[in-house]
Amino acid sequence: MGVEETTFSMDNDTEYDVRLEVLRKVRSFGAHTSRAASICSWSSSMNNNMQMPGYNNANLKEELLQKNESRIFQEIFQTRKGLTAVQQCRDILRAIRAHQVVMVVGRSGCGKTTQIPQMILDDFIFNNCGTDCRIACIETRATRAVSAAERVAYERLESVGNSIGLEIEGQSIMPRHTGHILFCTAHILTKKFESDPLLQSVTVVILDDIQTQNSEELHRLMDLLQTILPHRADLKIILLSTTASEDSFCDYFKDYHAMFIHETIQPKLSTASSMSTIPEIIQDTESIITISDGDSTIMENNYRKSMNILRRYEGKDASVLSRKEKNLIRTHKRNVKRLERMSGLKSSPKMNTTPGMRIKTRQNSMDICNDLQVAIIDKSDLHGRLDDNLWMKLEERLLSDMISSKWCNEEISFDGANWSRGVKIVKCGNHRSIDFLRDTVASVCERWPHLQLEVIPQSMLPLRVLAKMWIPPPVPPTNAILSLIEKQNAGIDTKDWKILNYIPCKNNFGQIYRLYIDGLSAKVIHECQGRIKFGLNFIRIHTMLKK
């Protein structure tokens, strides 16, 4: 999609091992996937394409350009251009090109489900790579897959069965063999791995409404995708969500990029601009961040005025100030608090900003550390991150040692192993299991001296603190926000910060971000009572503390 073609290559032994691993996981599902086999058949795509003319890159591009000249197509496209996902098409495609796993966060109705698959397909086609594009869109329910397929087909002036396909239990309308979008459920795509363990028939997997998909079928699918991802450099995985939640998928995809669809105000189009074409949208659309007229502009000006006045008196001794100046400071402090409340940023009742208090993170399943949870780290990596291939070899050694004569009589048990920020967290059933883990890791390091693996308590991992901040308008892109904070505030390093979600305020009056920050930065922020420099003014970052 606008990038060089990636040649998939793998040595025979590695490919064989990966295929066996995928097949083992699929077959372990057993009865969960057997039902779909009698209902849906992926081979039907070949039969469906028997009556279709041969498609190549030139044919696909010519077909789309002919549609673009249609008056009906232009009228439909004008409606599509009002969606914020289309307005930020360029930024979305740039993020997908640069990263293998991308999470796109945007409000309901912004066009994530229907527009992003079309953007990717059109980008492939206009870059003469249409035959390499095979998109699978995973929907939460069969009814959503049907409605999405019908809507996208309507917007492309065709019926389901040409470039748009639909496959659910009891209904199968397969698209053409190349340059297509297939809407289906997680159950259907999981079944695909039986005949295609490396999923080479798919180049893009889109998981829609990731925040609501918490089924066992989805977790099986994500586990399979995680297994093949290191061996499929050409595979793109896109997660669509209305509210970003790292806990939904961080155990499966440790390296991902978060892309936020900001609410925008689309200016009224003139007659000349209304004839914009799909290529122009893909190539020339800029991400616009604007402020609405009226109340929000007045609120913004009042907020900036109050912040500037408070900044003028920052650091001055209150004993040398006049009564008039003290009253002025009190008035503008109240004004800032009032505007922050109106924007939706309210201090949590559980928040404690008393200097010197110990910082604690919100406890959840991954943050509760006890003496039976350990982390396997690679000391050769700056952040201790463990390579996927290295972990697979280590896990193979662990399995063989568990049945060896040395440990066969020992009670070795584990309660699960998950990824957390690139580090493998292992939940041990007892202390003897920790000894076994350390002994095996040490023996592996002795055999390969270049390895620097170590088993440490999970409590020794760097602290991660949940925080909340309000960014006033105009709101820059997410990466620019973190860069500004790091550049303007000494002692704060944002490279390990993770944006969880954002909430646009009413009347476009800024946005509230929830994020994870590192412990050292949290300490610096805590010492200055959350007030840090941002752009020309200051913002507050509230850390989630417990008494």
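What follows is a tutorial dialogue on this predicted model.

Q: How many helices and strands are there in the protein?
A: The protein has 18 helices and 17 strands.

Q: What share of the residues counts as buried?
A: Of the 547 residues, 50% count as buried.

Q: Among contacts between residues at least 6 apart in sequence, what share joins residues at least 24 apart?
A: The share is 76%.

Q: Which residues of H9 are buried?
A: The buried ones are Ala145, Val146, Ala148, Ala149, Val152, Ala153 and Glu155.

Q: What covers the buried residues of H9?
A: The cover includes two helices, H5 (71-80) and H8 (112-126). It also includes strands S2 (134-139), S3 (164-168), S4 (171-173) and S5 (180-185).

Q: Which residue with a positive phi follows H9?
A: That is Leu157, with phi near 55°.

Q: Now charges. What can side chains of opposite charge do when their charged atoms come close?
A: They can pair. In this structure a search finds 18 salt bridges.

Q: Where do Asp208 and Arg144 lie?
A: First, the pair itself: their side chains meet in a salt bridge, 3.3 Å from N to O. Asp208 lies in the loop between strand S6 (204-207) and helix H11 (216-228), and Arg144 lies in helix H9, so the bridge ties together parts 64 residues apart in sequence.

Q: Is Asp208 buried or exposed?
A: Asp208 has 0% relative accessibility, so it counts as buried. Arg144 is partly exposed, with a relative accessible area of 25%.

Q: Which salt bridge does Glu155 form?
A: Glu155 pairs with Arg151, and the closest N and O atoms are 3.0 Å apart. Both lie in helix H9, four residues apart, about one turn of the helix. Glu155 is buried at 2% relative accessible area. Arg151 is partly exposed at 37%.

Q: What about Arg220 and Glu217: where do they sit in helix H11?
A: They are three residues apart in H11, so about one helical turn separates them.

Q: Which residues do salt bridges with shared partners join into one network?
A: The network joins Glu139, Arg144, Asp208 and Asp209.

Q: Which side chain of opposite charge is nearest to Lys236?
A: It is Asp234, 9.6 Å away. A salt bridge needs nitrogen and oxygen within 4 Å. Lys236 is buried yet has no salt bridge.

Q: Where is Lys236 found, and in which strand?
A: Lys236 is in strand S7, residues 236-241.

Q: Which residues does Lys236 touch, not counting those up to four places away in sequence?
A: Lys236 touches Ile96, Arg97, His99, Gln100, Thr203, Val204 and Val205.

Q: On to rings. How many aromatic pairs does the structure hold?
A: It holds six aromatic pairs. One of them is Phe260 with Tyr502: the ring centres are 5.1 Å apart and the planes are at 80°, so the pair is edge-to-face.

Q: Which parts of the chain does that pair link?
A: Phe260 is in strand S8 (residues 257-260) and Tyr502 is in strand S14 (residues 498-504). Phe260 and Tyr502 are both buried.

Q: What is the geometry of the rings of Phe414 and Phe436?
A: Their centres are 6.2 Å apart and their planes are at 50°, so the pair is tilted. Phe414 lies in strand S10 (residues 414-420) and Phe436 in helix H16 (residues 431-447), so the pair ties together parts 22 residues apart in sequence. Phe414 is partly exposed at 29% relative accessible area. Phe436 is buried at 0%.

Q: Which residues do ring pairs link into a cluster?
A: The cluster holds Phe260, Tyr502 and Tyr513.

Q: Which ring does the charged end of Arg531 sit over?
A: It sits over the ring of Phe538, 4.0 Å from the ring centre.

Methods
Residues numbered from 1 in each chain as written. Predicted model: local features only at pLDDT ≥ 70, side-chain atom pairs only at ≥ 80, totals over all residues. Heavy atoms only, no water. Buried < 20%, exposed > 50% of the residue type's maximum accessible area, 1.4 Å probe, protein only. Lys, Arg positive; Asp, Glu negative; His and termini not counted. Contact = heavy atoms within 4.5 Å. Phe/Tyr/Trp six-rings, centres within 6.5 Å; stacked < 30°, edge-to-face > 60°. Lys NZ or Arg CZ within 6 Å of the ring centre and 35° of its normal.
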